[in-house]
There are 4 protein chains.
Amino acid sequence: MIIVMKPNAKKESIDRIKNLIEFRGLDAHISAGKQVTIIGVVGDKTRLQDQNLEIFEDVDRIVSVTESYKLANRKFHPEPSIVKVGNVSIGGDSLVIMSGPCAVESRDQLLATAHAIKKAGAQILRGGAYKPRTSPYAFQGLEEEGLKYMKEAREETGLPVICEVTSLNAIEAAVKYVDMLQIGARNMQNFYLLKEAGKSGLPVLLKRGLAATIDEWLNASEYILSEGNPNVVLCERGIRTFETATRNTLDISAVPVIKEKSHLPIIIDPSHATGVRAYVKPLARGAVAVGADGLMIETHPNPSIALSDGPQSLTFEQFEELVNEIRPFAALCGKKI
Amino acid sequence: MIIVMKPNAKKESIDRIKNLIEFRGLDAHISAGKQVTIIGVVGDKTRLQDQNLEIFEDVDRIVSVTESYKLANRKFHPEPSIVKVGNVSIGGDSLVIMSGPCAVESRDQLLATAHAIKKAGAQILRGGAYKPRTSPYAFQGLEEEGLKYMKEAREETGLPVICEVTSLNAIEAAVKYVDMLQIGARNMQNFYLLKEAGKSGLPVLLKRGLAATIDEWLNASEYILSEGNPNVVLCERGIRTFETATRNTLDISAVPVIKEKSHLPIIIDPSHATGVRAYVKPLARGAVAVGADGLMIETHPNPSIALSDGPQSLTFEQFEELVNEIRPFAALCGKKI
Amino acid sequence: MIIVMKPNAKKESIDRIKNLIEFRGLDAHISAGKQVTIIGVVGDKTRLQDQNLEIFEDVDRIVSVTESYKLANRKFHPEPSIVKVGNVSIGGDSLVIMSGPCAVESRDQLLATAHAIKKAGAQILRGGAYKPRTSPYAFQGLEEEGLKYMKEAREETGLPVICEVTSLNAIEAAVKYVDMLQIGARNMQNFYLLKEAGKSGLPVLLKRGLAATIDEWLNASEYILSEGNPNVVLCERGIRTFETATRNTLDISAVPVIKEKSHLPIIIDPSHATGVRAYVKPLARGAVAVGADGLMIETHPNPSIALSDGPQSLTFEQFEELVNEIRPFAALCGKKI
Amino acid sequence: MIIVMKPNAKKESIDRIKNLIEFRGLDAHISAGKQVTIIGVVGDKTRLQDQNLEIFEDVDRIVSVTESYKLANRKFHPEPSIVKVGNVSIGGDSLVIMSGPCAVESRDQLLATAHAIKKAGAQILRGGAYKPRTSPYAFQGLEEEGLKYMKEAREETGLPVICEVTSLNAIEAAVKYVDMLQIGARNMQNFYLLKEAGKSGLPVLLKRGLAATIDEWLNASEYILSEGNPNVVLCERGIRTFETATRNTLDISAVPVIKEKSHLPIIIDPSHATGVRAYVKPLARGAVAVGADGLMIETHPNPSIALSDGPQSLTFEQFEELVNEIRPFAALCGKKI
């Protein structure tokens, strides 16, 4: 921690802070410049956490030199993590494709999709049973009935299944039926839900919030990890910017940034990032080439009547084309589908 | 609803959509321009909601002409709403100031604050018992113990009290102790929580999400309203932008926009919007002048040791100064404090 | 300047930097923490400007402790500046209202506007003769002919006049006719133009760029100031965010931030910030209350046929109402109109 | 064009608009819904451009159905354009790599770079002689001297050369020495400069502004094209968002969006997009895979002493590695380097 003092800070102000730091058993290293004095604090910073040094007299600002997330931090866990979901490994030398409908609408729709995506090469089936929708008048999901179809689809196809959860009730239901929980973008800082997901024992896919910095995203993952659950996969799905040609702006740079800062696997969801079917395939290629550990792609037997996110969903044929097209890109990156 | 076709859309594509619209019992008005044909749809749009017209052949885009929120919409409820919290009315000709600590830390801290803010002119006491914090290692709140102190503070001072809730558990506890629930920015699209807050019977303060458009914010309020709870107050607290001189960017234009689009009262929280104590007073003046129905201001007996958000909290003296300073501005706007 | 080293930086990496700093005649203060070592650099930083220390081995990042703008910086010029435009003073205890059409369209339009706004209380006439328009097919301005009308309007009314310039040619023409130059948002980082405006000898109104941080804005002002021209007034006119209910998002917090960081006067343009006529008046009240030194408000004899920005322009009656309404707010802030 | 009326718009308001439209020789198609009436306007919209229909009584908003850019629009020019720069073709089946230093610093630096990047596989040499810098105290470029070195580098290596221009003076100098002009992000809406670049006769690389929508970017290209210069190449280089882990946020989705909306070639600059050397290579792979027509990559003989943008510049060895690594990705996309 570095304390930057205001220009011409009074000696008493500097001494007061120095004394406080030393009184708490830390060291204060003072660099007195011509304009500005800075104080480097060395030692266990938690001993100062009840002090808001920012508003002490003559303090200009505080600069942190260490991240607040620890378990997600690559500095303390240099090896990339591999997260197991059923018999599928995310991270390492595989490229994992999750696919399925935005919302589970019926048994038939889900089973048809499960078979089709498996045949095309997907390894995990996704499907929403609890749908967070902007308007209360839009379809809200089949809830537990949808989860039952998910389980049935796994039994029929052998594909592990993932479902978004939006409440403790949903988690309690989901653990009976699915292999991985998803925390959606709108709940990325629903810290209560993060802790409960951490306690569930299931691996968790944590989508990035629409306005979340990478630092906040890793802190959110820390809520899950600190419950003793090491199986977190991150999912970049677009952030909110001024551009309206796409539904969100895919922050593809998040992949190398996360690879540097964390050991957790990261996948990309080009369907939600763009909201436009025609852009999904090129962005999937880009995501693989930049080094993502996987993709999440929405598919539907008939996108034109999908109850949620039809405009960005692929038909089975389009999905199969996509998988075939990205396969050689994955191979170039040393990853198998 | 307007359907904009692609340039040179085929006649069959246009006919197919026209037939679908008419088959569902709506009218299709076709305007064939030189470059582009548009189709105006007249009638009950819910009859088309299972059709994703965006991805029908030759469709360029869909333009909505009506908002998806109805109960929050001023078009159907032209009179401004007044929300009662205990004996305090929000909306109309009063300017309501809510104040108190970011986090309830102790009985003494809360009671001292309650007395001080009442004396200075605040009408509602705020205090956080469930704190959503970026890092899991930061202080998370006293939970039910904090709520008990809130109730005690109300009994001592007569001020109604408001507390943020972050889960169904928190709502179930809070309804026993407080007069108004707060949904925080990070939970603005936690639709499950919104519904539960709607069912609680208590008035609800709904903060705007960091990346939420005004349209999404009003749709979020619709989740509460559609549970039969008409007592919603909106709170603008800054949105996320590229600017870093302030913690967030106060979108003060939201006040006239909300006044035009909705009948719900709107207040402003300059403490969270800026994160900097010195900016709270000028922004409070601006908020009153632009026409807000109230303010939420963080105060603390000793901000330099506050466990949360100390840098933006005012001392009691600073708060009293602020109230005295804004009083004549409120009067100019026809509002009493 | 503080150099933050990576965790476990090698001793040789630290020594290499320390030696370089000392070799250049500066002091290096080393604070070796348990995880991270930081190096405080004391002395004249320009001696290191040919070294990109960020990419030296084991360097994590560089933290600046002083701002790069000097002449605009309040730390070195504590007294607020007052800028004279003709006989009008901007800054200090006056609230200056600039008004007029977005674009000068004709002699009649401009003269009618000049008389009307003077009568209503405006002190400076604005009018665009060189219009930066998104599309090349939109009206681009009357150029020198427009400037002549501006001069004539000044002669008739006594109001000083301001016009936007977009090129060296435009500056060379404008200095013959107007009292103040305006650099528009789209040219805020057209550094060539800033320097030429600095050399012109006229006072300059510098609008904030749509994506410019306050720090970049003050650095842009430094380009003008460092040409020996101290007469710079800043104008906040909305920044670009994800919100679409308004054309831009007025960053009203910029007023207290600028007042803290700089001595330059700052005015607000609610017309461009919102793009909606109905929002101009409440935002003008907010701007005055927050402490702005002035306003820029677009007016037009008949907004429905204005060639540029009609939807945000006020009629003369609306403008007069606005001035009358803000007068008591200005008085409360200790400012005269 | 569609005019959406307010709910319960008066019949006279609707008639007034209908009459105006018809008086100007266009057709008005009225769809009267239960809540809202819309008016489709069919015919030549330029006949209405002197009318601000947005502020006519009872008008809610105007929806455009055609883009304002015409020459850049793929609807009217379905074939992708190929832009020749010297003997190099941008667009079509080649992947063009432009490389060189951010700033030309000396003859030796530039010539060494030119030889190194040619050997590694680059086809165009870039180098800045006029540098737009945030602070006036940073290195501003060698100006015409730098251009002379550019020309010499071309003569020695045969590589066409590109240089950024920031003023008419710079254009007048540059046309004597270089093969392609660059308009930088900060000047993307410097419409005066765009027109002058259009008149220069040289091909132009138009970088996207930090806060420019894709629609505004294409309108900016229209300024160049409408001067009779069809040789425009677009360059995505990151937009400004709230994320700070990278200098800007690369909007990689811009590639498929531009490919759909325009026929102009588009390249990506991962150096400026991220500002971090370690992220350049993965983003270059992603850029190629998503379908970009080229890359712009900063290189320097010794990045640690580069006078501008050293932290994002690659050494010659790193650049050669990058080219070798992306070669097979380009091949998969059907493009040759």
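**Strand β12 of chain B**

Modeller: In chain B, β11(B), helix α6 (residues 214-225) and β12(B) form a right-handed β-α-β unit. A crossover is right-handed if, with the strands pointing away from the viewer, the path from the first strand over the helix to the second runs clockwise. Helices (H or I, at least four residues) and strands (E, at least two) are DSSP runs, numbered from the N terminus. This is a predicted model: local features need pLDDT of at least 70, side-chain atom pairs count only at pLDDT 80 or more, and totals for chains, interfaces and linings use all residues. Residues are numbered from 1 along each chain as its sequence is written, while chains are lettered from A and ligands numbered from 1 in the order in which they are written.

Biologist: In which sense do β11(B) and β12(B) pair, and over how many bridges?

Modeller: Two strands pair if DSSP finds at least two bridges between them. Here β11 (residues 204-207) and β12 of chain B pair in the parallel sense over 4 bridges, and V204(B) stands opposite V232(B).

Biologist: Which strand is joined to β12(B) by 3 bridges?

Modeller: That strand is β13 (residues 266-268) of chain B, which runs parallel to β12(B). E236(B) stands opposite I268(B) there. The chain passes from β12(B) through helix α7 (residues 254-261) to β13(B) in a right-handed crossover.

Biologist: Why is β12(B) described as largely enclosed?

Modeller: A residue is buried if 20 or more other C-beta atoms, placed from the backbone, lie within 10 Å of its own. In β12(B) (residues 232-236), 5 of the 5 residues are buried, so the strand is largely enclosed by the rest of the structure. V232(B), L234(B) and E236(B) lie on one side, with V233(B) and C235(B) on the other.

Definitions and conventions
Buried ≥ 20, exposed ≤ 12 C-beta atoms within 10 Å, placed from the backbone.
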